[in-house]
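Please keep the sequence and the structure in view while reading.

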Amino acid sequence: MTRRRVVGIALLLLGQVMGCDQSPPGADTTTPATAAEKARRDKEAVLAMLRSVPTSGLPSEEVIQRAGPHLAALLLLTKDDCHGDDLYPALALTAGLCQQAEHRQYAVAHFGEIPHPDIQLSWAVHLFNQGAASPEIVTFLSAALQSKEQSQLIALIVWPNIADFKVRVNQQAAALDASDSVAGSSNAGQTVAFPEMVRITAGTIQMGSPATEEGRDTDETMKEVALSKDFYLGKYEVTVGQFRRFVEDTGYRTEHEREGDDYDWRRPFKNLRQGDDHPVLAVSWHDATAYCEWLSKQTGQSYRLPTESEWEYACRAGTTTAFNVGNTLTKQDANFANWEGSTEGLAALSATPLGTTSVGSYKPNAFGLYDMHGNVFEWCSDYYGDAVGDNSGERYHVVRGGS
């Protein structure tokens, strides 16, 4: 995954620890002659498998295991492909496949692409019941419960717990509405005292980038990393307003302030525009850790900085491209200047009317996280090293994101 160097540094918080690649686990990695031919073969395999599933009861574990590698094709079945006797097995498989974290992650990332309304609804219900529903899915279910036809299908899926299901969906939908009305997308950090957190379901990721990726650094060796526990990550970068509350409550002075530097979080760089809803800059790793400790005491929850593997897993959100929006990052996707290689560096930045943007100004990734690309660097808890979680290398901490 390509790293873009940036204008400053911000905090990205990992909340209460409870404890992918884009292809479904076990998927066929052979390269067919054409993408169309592969899609045709996958669809035929899925339909043949569905016809072997009983039209009542739940599919066997063996059938669920066989279905896993064909998850992508299963999600792309249309009403023309799957109807009548084929539909029940497709819906029944959803419950089994949703038991595995890797399949949940893939389905969440591609939820909006599911063309069959009944299959999409079935996935939404099971993802919600597994605690893996994104805000998009919660909103989808809230609307579906207003439809008589869709409510009937939901009732069949969750029987006999439809009343409890409705209550839980409506509660989460109301919480999202309240969050939107308070936070918005342009002033979230200004009005929300503590960071909003997004639950990230555990799974596996290929960290690093292939040798052929443009802009790749030499230390981006490919390696598979398995995250065994769900975790919460900050929806937005920590803002100036949130950091100010910490400073005012504790009297804390950042390292730059204590050392008498000519810049700090209050005045990061000359001409750099910063409001309370912008990400905080010029904070050290120790400053970030101090903020986490204060936040833990204030909320009664456990906050820390994410590891690099947690950060990259959350940033990718199920994608395998150079960026989570594809192989190219545009100014419509993120706020970035790409100062890498610039001989002027921060001096050039200080002399120009550039700056950060309000958190949440760009579209979130598939996990509902904002500014994972662009805006500012984000601290991780571990040190740079060859191995995942290796703290024995050079004694400086990992930063990710930026522009």
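A residue is called buried when its relative accessible area is under 20%, exposed when that area is over 50%, and partly exposed in between, with a 1.4 Å probe and protein chains only. By this criterion Cys 380 is buried, since its relative accessible area is 0%. Cys 98 also counts as buried, at 1% relative accessibility. A search of the whole structure for disulfides (pairs of cysteine sulfur atoms within 2.5 Å) finds 0.

The model is a predicted one, in which local features need pLDDT of at least 70 and side-chain atom pairs count only at pLDDT 80 or more, whereas totals for chains, interfaces and linings use all residues. Residues are numbered from 1 along each chain as its sequence is written, and side-chain values use heavy atoms, with hydrogens and water left out.

The protein contains 15 helices and 7 strands; these are DSSP runs numbered from the N terminus, helices being H or I of at least four residues and strands E of at least two. Of its 403 residues, 50% count as buried.

A nonpolar core is a set of buried Ala, Val, Leu, Ile, Met, Phe, Trp, Tyr and Cys residues joined through side-chain atoms within 4.5 Å. The largest such core has 44 residues, of which Leu 50, Ile 119, Trp 123, Leu 141 and Ile 154 touch the most other members. Helix H6 (residues 117-129) gives the most to this core, with 7 residues. Apart from this core lies another, of 40 residues, which includes Ala 288, Trp 294, Cys 315 and Tyr 384.

Helix H13 spans residues 285-299. Its 15 residues reach 21 Å from the first C-alpha to the last, close to the 21 Å expected at 1.5 Å a residue, where the expected span is 1.5 Å times one less than the number of residues. Among the buried residues of H13 are Trp 285, Asp 287, Ala 288 and Cys 292.

Rings of Phe, Tyr and Trp (its six-membered ring) pair if their centres lie within 6.5 Å; planes under 30 degrees apart count as stacked, over 60 as edge-to-face and the rest as tilted. The whole structure holds 11 aromatic pairs. In one of them, the rings of Tyr 291 and Trp 294 have centres 5.8 Å apart and planes at 40°, so this pair is tilted. Both residues lie in helix H13, 3 residues apart, about one turn of the helix, and both are buried. Tyr 291 and Trp 294 form one aromatic cluster with Phe 243, Phe 246, Tyr 252 and Trp 265.
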